[in-house]
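Please keep the model open beside them as you read.

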Amino acid sequence: MKAVLLSSVLVWLASGSAHAAVVWSDEFNGAEIDSKVWTYDVGGGGFGNGQLEHNTARSENSYIENGSLVIEARDETYSGNAFTSARMLTQGRFAFKYGTLEARIQLPDTADGLWPAFWLLGNNFPGINWPGCGEVDIVEMGSEAGISEGKQQERYNVAMHFSNAAGDQQSNVVWDDAPVDLSLDYHHYKVAWTPTDMTFYLDGDVVATWDITAAHMAEFHQPFFPILNLAIGGWNYVNITDPNLITATFPAKMKVDWIRLSDNPYTEIFPGEDTAETGNFGVFTETTPVNSSLVYGDDSSASWPYSDEAAVYPWADTMTFASAQTEFSEGTEGWTLDVAAIGWCGMGVLVPNFRNMENYSDGFLHVDIKTTSTDLYEFGIESARGQQAWLPVGDETTEFGFARDGNWHTVSIPLNRFGNTDFMTVNQLFMLLCTASTAGTTFSLDNIWWEPSVPRPTPTGGSFGVYTETAANKNAGEFGLGVDGDFFVWANTLDPAAQNPDEGSESLSFQSAAGLSWFGAAFTPNVKYNLAAFDNPNGKLKFSMKTSSTVEFQVGMKSGNQDGVGQKWFTFQSGGDPYGFARDGLWHTIEIPVTDFNADVDLSQMSQLFQILGTAGPISDIELDNIYYSGGLANETNVVAAIIQDGVGISWPSTDGSIYTVQWTDNLSSNVWNNMTTDVEGDWTTKTVFDPFGTETSRAYRVLENP
């Protein structure tokens, strides 16, 4: 991991302390949460505490308002949970080692059942499990003890959690009662961290200090990353496990004015942009030209969990390295493994301190493999802020398969196809799994490496076809099924049904597979698409759909690779279907404005172009057709003062004499506009004009550049 050395070119605090410079901060003064700094833990599984909320990355649960970050907990049923909230963190984007981290926060009224927290985790989590990774709680509030004594708005705690000399969990905790209700105003919460101790503060007053020089406290001498979250209930801390017993007022808001790191003589910071790998990256290769590669170390060493070294693990004695390593496709080394008689086998390449592989999310994983086994393999990767992601590797007749003839073959897999991966925190860069293995078989691996991202397809100036046979609906290009990616039914949850296309000769027609109560499918490209040209007031996702089923389902689209982040779902519910849809068994055209989902979805990195999901029961019939994005802007502007040329741009003097460049939502052959007025940079404005044929029409424009 690459640290940034601090220089003297820093903004000094008014105190004039020799080591009190703010070296990192988020002031939350922008219009949106900075996705280069913050990501999310998404899910509703309780996070080890039995929490009752589903944490999301939706703009409803976290946003910027009046110069503060707001985490909003809501009383709403979502994906099987009774509440929603958000859990935000900076892992892979920002971490630090030593220094003073402080935040100005207004905690919510917790009575009863809310659990707000500002805390830290060791940067090697989950490569090194809790508590071995270390945890630092700068403030928590809403505890069972506070509730029982009627002090839930004053009772708070600070804490450290770690593994003691015996390897067991140990916690240092101090409880305190603030002199005021902490939900009524903003307060300062701070931890000062040096190589010898950690000191915790509330509004400048010391709450606790702990020595961290003991050998078993090595966790606290590695980088940590901040977390902000607002939990609801759980068997731990709050001890309310029944959603009906949560009496807190909703929506509840945890507000963060700013978060700042000030340095001391030992401070190191780790910005994500400075830790990203570039060029070909070697996992296990000797002759392929690489810019960087893994170094394998001794995982039995006490220092290994805090190092940048890798280790290769056969899992659970399911296989062993062959005594003689004589098989290699290049160089002089390879991995040959003998499969044991357990019935399954697996192995992985683990890096306890993850690698930032953000420059590879549209690249390729290359693996050389040879075997005569006919077992079905899966290749996978894993990230700290995602989960394990797997793709099947069969024989040569399958998408990513190879001939089982005992010769070397190269398997190349588009990395975008690995779902739920945060490429900024990859901690297993290669995994192999066989869920039904044959004892006594052998396979060999070599020349494993990552290829960087290739350019994303970027359709502009018209309509982009996802699944359509109408030429006008794909005049800006189309998604080639089986070439650019494919339409994937998730976990075989849908069976094909009779087609009755809305246009052309084909449609997507399905019914739920027998015995299943959920279903899902998506158009997933091998390389993400840049659909930013459709991010304008005229941009729309259009599709035809029909069903006679009353089952609730969702239509969505997704950007990026991390599960739940960059995701937007629209719920279709019988009796309340949106966008004019009716469940009458007839075709209906749905038009969803891009402005309805661009707050949650980054159109410049679309990883799933169209999704459908149902979790409320089986569906008897669902048919889709004619799916496309319309209203794409032209890629370039051609600017001539006061004249639209090629229908895409214009410039003119503003009232203060500066020149603005404006981008149009559609084509207009030519026109002279007079008495133009400007607007705020980046905002859209609509103006009524007359086209060359004298027809009154509306044109939207926005200022793109203010020189």
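1. Among contacts (heavy atoms within 4.5 Å) between residues at least 6 apart in sequence, 71% join residues at least 24 apart. This is a predicted model, in which local features need pLDDT of at least 70 and side-chain atom pairs count only at pLDDT 80 or more, while totals for chains, interfaces and linings use all residues. Residues are numbered from 1 along each chain as its sequence is written, and side-chain values use heavy atoms, with hydrogens and water left out.

2. On the overall make-up, the protein has 1 helix and 50 strands; these are DSSP runs numbered from the N terminus, with helices being H or I of at least four residues and strands E of at least two. Of its 707 residues, 54% count as buried, where buried means under 20% relative accessible area, exposed over 50% and partly exposed in between (1.4 Å probe, protein chains only). The accessible surface comes to about 28400 Å², and carbon and sulfur atoms account for 48% of that. These areas come from the Shrake-Rupley method with a 1.4 Å probe, and for residues only the protein chains shown count as cover.

3. What does β6 pair with? Strands pair if DSSP finds at least two bridges between them. β5 and β6 run antiparallel, joined by 4 bridges, and I64 stands opposite L69. The two form a hairpin with 2 residues between them, and N66 in the turn has a positive phi of about 55°. β6 is also antiparallel to β19 (residues 252–262), through 5 bridges; there V70 has K255 as its bridge partner.

4. β5 turns up again in the second largest pocket, where it gives the largest share of the lining, 3 residues. β2 (21–26), β3 (39–40) and β5 (62–65) each supply at least two lining residues. The space in this pocket is about 1600 Å³, a volume being the space filled by probe spheres set on grid points joined across faces, edges and corners. A pocket is an open set of points on a 1 Å grid over the protein atoms alone, where a 1.4 Å probe fits, with protein on both sides within 12 Å along at least five of seven lines; lining residues have an atom within 4 Å of a point.

5. Which residues lie nearest the centre of that pocket? They are D34, S35, K36, D602 and Q605, out of 47 lining residues. By class, the lining has 17 nonpolar, 18 polar and 12 charged residues. Nonpolar covers Ala, Val, Leu, Ile, Met, Phe, Trp, Tyr, Cys and Pro, charged covers Asp, Glu, Lys and Arg, and the others, Gly among them, are polar.

6. Finally, some backbone details for you to check. The peptide bond from A111 to D112 is cis, with omega near -15°, and D112 sits in the loop between β10 (99–106) and β11 (114–122). The bond from W130 to P131 is cis too, with omega near 5°. F28, in the loop between β2 and β3, has a positive phi near 55° and is buried, with a relative accessible area of 3%.
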